[in-house]
Amino acid sequence: MSSNKKTFWTETLPDPLPANPLDLAAQWLAEAKRHAAQPNPDAMVLATVDDRGHPSARVVLCKEIAAQQGYLLFYTNYASRKGSELKANPRAAIVFHWDHLHRQVRAEGQVQPLSDLENDAYHRTRPWQKQVGVWASRQSQPVESRQALAAAVAREAQRFGIPYDGPGSAEPDEISVTVPRPPHWGGYRLYVDAVELWVEGEYRIHDRARWTRSLHGAAGTGATAWSATRLQP
Ligand SMILES: Cc1cc2nc3c(=O)[nH]c(=O)nc-3n(C[C@H](O)[C@H](O)[C@H](O)COP(=O)(O)O)c2cc1C
């Protein structure tokens, strides 16, 4: 039975290629959220490099693809392993893979931490359990036991006057205190200077294109126009 219905499987990249690849990347992220086949369709692998040139990768959540401003946004602990690596070398790479949509997005660029004001504003929108959690976890540092971590959560909650004994115990529905943001927790904008969009093709004849541009000086201060090239799969 033949059908003219276009499926994701037979999708190719637009021809001509779009001027700004982040428009399409943002559209793909929105579609991945709408057609979510996994709990975190906004999860992306973030790769960083340490001062010896050794790479490491982990998953973080992408809170926004700002196509016009040219960045991706994620939040983490500035004192974590990734945080220290980004301090020493602000270059990072990310990859999203939406298997059921047959799409991959890769991007590379330079990170810029958010300002204290921006971080405070986002922190205020988070539930108190997460606000307390970022005080309790010295992300990427060893911890003696799960119990020690639970005790740290309870200790931090109580330090802010929240009657909570840690994971597994009863939680107050509402709290009347403000939990400030720890200075080591916040966001990064990844200003991208390279993007690759990939769609799966039949018999491994995938469709790929790479866009590059140059960032002016410090991240966020501007960039040249994108130049695009189709790549062999
Ligand atoms: C689905 C998923 C989402 C995650 N989101 C974040 C996130 O947004 N920020 C973050 O710091 N860690 C997040 N993590 C945890 C990281 O993968 C990682 O364990 C942690 O950030 C420590 O990494 P590091 O020691 O390399 O700094 C997430 C993990 C998973 C599996």
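Q: In what sense do β6 and β7 pair, and over how many bridges?

A: Two strands pair if DSSP finds at least two bridges between them. Here β6 and β7 pair in the antiparallel sense, over 11 bridges. The model is a predicted one, in which local features need pLDDT of at least 70 and side-chain atom pairs count only at pLDDT 80 or more, while totals for chains, interfaces and linings use all residues. Residues are numbered from 1 along each chain as its sequence is written.

Q: How many bridges join β7 to β8, and how many join β4 to β7?

A: β4 and β7 run antiparallel and are joined by 7 bridges, with Tyr75 opposite Gly187 in β7. β7 and β8 also run antiparallel, joined by 6 bridges; there Leu197 stands opposite Ala209 in β8. In a regular strand the side chains alternate between the two faces of the sheet.

Q: How is burial to be read, and is β7 enclosed or in the open?

A: A residue is buried if 20 or more other C-beta atoms lie within 10 Å of its own, exposed if 12 or fewer, and partly exposed in between, with C-beta atoms placed from the backbone. Because 12 of the 15 residues of β7 are buried, this strand is largely enclosed by the rest of the structure. Over the chain, 24% of the 233 residues count as buried.

Q: Where does strand β9 lie, and in which sense does β9 pair with β8?

A: Strand β9 (residues 227–231) has 5 residues, and the number buried is 0, so β9 lies largely in the open. Strand β8 (residues 207–212) pairs with β9 in the antiparallel sense over 5 bridges, and Ser227 in β9 is the bridge partner of Thr212.

Q: Which residues touch the most other members of the largest nonpolar core?

A: In soluble globular proteins, nonpolar side chains tend to be buried together. A nonpolar core is a set of buried Ala, Val, Leu, Ile, Met, Phe, Trp, Tyr and Cys residues joined through C-beta atoms within 7 Å. The largest one has 30 residues, of which Ala25, Leu72, Ile94, Leu190, Val192, Val195 and Leu197 touch the most other members. At least two residues of this core come from each of α1 (21–34), β1 (43–49), β4, β5 (91–98), β6 (103–113), β7 (185–199) and β8. The largest share, 8 residues, comes from β7. A second, separate core has 8 residues, including Ala136, Val153, Val179 and Trp185.

Q: Which residues does Leu190 touch?

A: Two residues are in contact if their C-beta atoms, placed from the backbone, lie within 7 Å. Not counting residues up to four places away in sequence, Leu190 touches Tyr71, Leu72, Ala92, Ile94, Gly109 and Val111. For the chain, 57% of contacts between residues at least 6 apart in sequence join residues at least 24 apart.

Q: How many helices and strands does the chain have?

A: Helices (H or I, at least four residues) and strands (E, at least two) are DSSP runs, numbered from the N terminus. The chain comes to 5 helices and 9 strands.

Q: How many residues surround the ligand, and which are the closest?

A: A residue is near a molecule if its C-beta atom, placed from the backbone, lies within 6 Å of it. The ligand is surrounded by 16 residues, the closest being Thr76, Ser80, Arg81, Lys82 and Ser140. The largest share of this shell, 5 residues, comes from β2.
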